[in-house]
Amino acid sequence: MPTVIARDDHTISRANISRNAIRVLTKLKSAGYEAYLVGGGVRDLLLGREPKDFDVATSALPEEVKSVFKNCRLIGRRFRLAHVYFGREIIEVATFRSNRQPSQDGERQLENGMILRDNVYGTLDEDAQRRDFTINALYYDVGDFTVIDFADGMSDLQHGVIRLLGDVESRFREDPVRLLRAVRFAAKLGFIIDPSTESPMRRLAPLLKDVPSARLYEEVLKLFLGGSALESFEKLRHYGLFGQLFPATEEALSHEDHDFPITFVNRGLNNTDTRLQQDKSVTPAFLFAVLLWEPVRLGYEALLAQDVQPVEALQTAANDVLSDQLKHVSIPKRFSYPMRDIWQLQPRFEQRQGKRPYRFLSHPRFRAAYDFLLLRAEAGEVELELSNWWTEFQRANSQQKQSMTEQGRRGRRRHRKRRSSKNKSNNPGDE
Ligand code: ATP
Ligand code: MG
């Protein structure tokens with residue numbers, strides 16, 4: 001039997017729920033169906049956080065939902081859902097699911113324990129059992145303001161625990177994306193993963209191979225563009241999941257660079273989190289440029305050592321890494337093209353004389369390439385002097401710009417010399 005938590009015993013206030021979600025709930029109810037707010041909306045409101053979106057669970061079948069709302073589209077084959085549109089807001093409406101054996105073939109389809117299709121409908125309490133984590137299986141009733149808890153989700157929420165419902169191993173096998181979801185919620189909420197849920201995760205990580213690359217792309221965006229990219233990255237590596245998503249990057253990171261651990265990806269992801277905190281934009285193109293740069297750079301340097309020309313070396317390295325990566329996580333072309341531009345523009349920062357720097361400034365991707373250069377400089381991969389020059393160049397007035405591009409090379413030589421003589425005087429014993 002579920003625990004029903006009365007209005008005065010929880011912190012959800014209707015005022016914090018999207019008006020459109022409330023509209024959907026009331027309309028479904030007045031059409032005679034059961035309808036509840038569920039998932040991230042309930043979880044985040046109970047934690048005093050602002051929900052990313054609002055999900056609705058209902059007894060109405062997808063076609064019935066469609067007939068209640070004009071502004072509604074049915075999506076998904078694997079998991080059929082109704083999307084109700086209100087301008088830019090989408091309320092996701094899912095029919096109660098059940099774990100029962102399907103009465104008709106094709107409603108549920110499994111392969112090696114993995115669910116390929118899951119459209120067996122059921123009751124509210126059946127629906128609660130087939131959700132992923134206890135904290136995601138709380139239902140809010142807009143009619144009487146109660147929270148319905150079938151799985152002790154409230155207690156896990158209070159104690160900060162991510163706990164998979166049901167038999168852990170088979171629930172991960174059914175849908176290996178739950179491995180990523182466990183990490184994502186732990187990172188985002190600062191929760192721990194319960195030991196029983198956690199213990200098979202590393203062993204089951206290779207199951208991600210069977211998940212379509214397009215679905216993994218969606219999950220990667222949620223993991224790294226949700227404000228907790230760095231924390232997610234560290235946890236993914238801890239559970240051996242990162243290497244399933246980005247094998248070449250994982251391989252590159254396992255080597256140290258001249259005895260220094262590689263910090264580029266950490267810095268890039270930290271930067272992503274900071275930008276999001278400041279309400280600045282982060283594009284998937286930049287994110288993937290960061291995530292894949294280490295293997296691209298290694299390939300690039302190896303080709304340079306074989307005397308391949310820089311532009312060609314970078315292009316070849318980028319092609320190699322990308323074609324392999326797409327077998328794991330797909331990247332839409334509208335993002336992979338600008339991602340490659342960000343890489344391909346890096347050697348142009350070396351050219352600081354004459355008209356070239358001016359032309360570069362007006363390149364449509366200059367800004368993204370420059371942000372990327374800043375990261376490389378912070379990570380010690382290029383001289384800080386180089387990124388500082390470009391920072392200064394952008395701020396400079398036309399007269400200053402002119403003198404910078406005339407003296408670029410001489411100025412740099414002087415700078416090098418000064419630095420090396422300073423080093424010598426600081427470390428007299430070094431010689
Ligand atoms: P957020 O939207 O903040 O990322 P969420 O928990 O709402 O988090 P959604 O992907 O929107 O995540 O899914 C809504 C709900 O659907 C979840 O809370 C969970 O109850 C259920 N759900 C989603 N994906 C799965 C899955 N792979 N297996 C089982 N249940 C799932
Ligand atoms: Mg959600």
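By residue class, the shell around ligand 1 in this predicted model comprises 13 charged, three polar and one nonpolar residue, where Asp, Glu, Lys and Arg count as charged, Ala, Val, Leu, Ile, Met, Phe, Trp, Tyr, Cys and Pro as nonpolar, and the others, Gly among them, as polar. In total, 17 residues surround the ligand, the closest being Gly40, Arg43, Asp175, Arg178 and Arg184; a residue is assigned to the shell if one of its heavy atoms lies within 4 Å of the molecule. At least two shell residues each are supplied by helix H2 (40–46) and helix H7 (177–189), and H7 provides the largest share, five residues. Helices (H or I, at least four residues) and strands (E, at least two) are DSSP runs, numbered from the N terminus.

Polar contacts to the ligand, defined as pairs of N or O atoms within 3.5 Å, involve several side chains. A polar side-chain atom of Arg43 lies 2.8 Å from a ligand 1 oxygen atom, and a side-chain N or O atom of Asp55 is 3.0 Å from an oxygen atom of ligand 1. For Arg178, a side-chain N or O atom is 2.8 Å from a nitrogen atom of the ligand.

The model contains 29 salt bridges, each defined as a side-chain nitrogen of Lys or Arg within 4 Å of a carboxyl oxygen of Asp or Glu. One of them joins Asp141 to Lys29, with the closest N and O atoms 2.8 Å apart. This pair links distant parts of the chain, 112 residues apart: Asp141 is in the loop between strands S9 (138–140) and S10 (147–149), and Lys29 is in helix H1 (residues 19–30). Asp141 is buried at 9% relative accessibility, whereas Lys29 is partly exposed at 30%; buried means under 20% relative accessible area, exposed over 50%, and partly exposed in between (1.4 Å probe, protein chains only).

A further salt bridge connects Glu385 and Arg352, with a closest N–O distance of 3.3 Å. Glu385 lies in helix H20 (residues 384–395) and Arg352 in the loop between helices H17 (333–344) and H18 (356–361), so the pair ties together parts 33 residues apart in sequence. Arg352 is buried, with a relative accessible area of 2%. Salt bridges with shared partners also join Glu294, Arg297, Glu301, Arg376 and Glu381 into one network.

Residues are numbered from 1 along each chain as its sequence is written, and chains are lettered from A and ligands numbered from 1 in the order in which they are written. Local features of this predicted model need pLDDT of at least 70, side-chain atom pairs count only at pLDDT 80 or more, and totals for chains, interfaces and linings use all residues, while side-chain values use heavy atoms, with hydrogens and water left out.

Methods. Polar contact = N/O pair within 3.5 Å; in protein donor to acceptor, adjacent residues only side chain to side chain.
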